[in-house]
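Visitor: Could you walk me through this model and say what stands behind each label?
Guide: Gladly; here it is.

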Amino acid sequence: MLRYLPFLLVLALWIYAFIDCLNTPEEEVRGLPKVVWVLIILLFGEVLVGPVAWLVAGKVRHAPAGGAAAGAPGGTWVAPDDNPEFLKSLKDEKAKDDEQLLKDWEADLRRREEELKRRETGEEPKEG
């Protein structure tokens with residue numbers, strides 16, 4: 001079983017590079033047209049030249065989304081708990097959620113109080 005491992009790893013890299021190339025928008029492909037990159041990956045996949053060339057030189061790589069804080073000096077990464085804008089957004093979201101929850105609870109309490117009063121006085125419940 002172990003003797004098949006190198007073949008499976010080459011096959012996995014070949015398939016990954018091929019699918020990555022097909023899914024990459026044309027404007028993010030570097031150096032050669034996308035069709036040429038697909039042919040290079042397919043023709044030179046068994047010897048790993050095509051897939052490795054695609055992964056190294058064929059695609060424009062982007063930094064991870066949200067990796068750098070907007071106010072960070074020099075564009076360096078800042079942990080979320082050190083980022084004042086992030087902390088403020090959490091407080092705002094929490095306040096809105098808490099406010100809505102409180103309104104829902106108050107409305108439910110009023111409804112239950114009215115229902116209890118009706119039961120005590122013997123009135124028929126109102127529809128709606």
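Visitor: What makes the length of helix α4 agree with its number of residues?
Guide: Helix α4 covers residues 84–121, 38 residues in all. The expected span is 1.5 Å times one less than the number of residues, so α4 should span 56 Å, and its end C-alpha atoms are 55 Å apart, which agrees. Please keep in mind that this is a predicted model: local features need pLDDT of at least 70, side-chain atom pairs count only at pLDDT 80 or more, and totals for chains, interfaces and linings use all residues. Residues are numbered from 1 along each chain as its sequence is written, and side-chain values use heavy atoms, with hydrogens and water left out.

Visitor: What is found at the start of α4, and what follows the helix?
Guide: At the start, a side-chain oxygen of N83 comes to within 3.1 Å of the backbone nitrogen of E85. After α4 comes G122, with a positive phi near 85°.

Visitor: How many helices and strands does the protein chain have?
Guide: There are four helices and zero strands, in the order α-α-α-α from the N terminus. Both kinds of element are DSSP runs, helices being H or I with at least four residues and strands E with at least two.

Visitor: Why is G58 called buried?
Guide: Buried means under 20% relative accessible area, exposed over 50%, and partly exposed in between, with a 1.4 Å probe and protein chains only. G58 has 0% relative accessibility, so it counts as buried. This glycine is found in helix α3, residues 49–58. Across the protein chain, buried residues make up 16% of the 128 residues.

Visitor: Which residues does G58 touch?
Guide: Leaving out residues up to four places away in sequence, G58 touches E28, V29, R30, W37 and A53; contact means heavy atoms within 4.5 Å. The C-alpha atoms of G58 and E28 are separated by 8.6 Å, although these two residues are 30 residues apart along the chain.

Visitor: Which residues of α1 are buried, and how do you know how they are arranged around the helix?
Guide: The buried residues of α1 are A17, D20 and C21. Seen down the axis of α1, they fall within an arc of 100°, so they line one face of the helix; the arc is that of the directions from the helix axis to the C-beta atoms. These buried residues pack against α2 (34–43) and α3. On the other side of α1, F7 and N23 are exposed.

How values were computed:
Polar contact = N/O pair within 3.5 Å; in protein donor to acceptor, adjacent residues only side chain to side chain.
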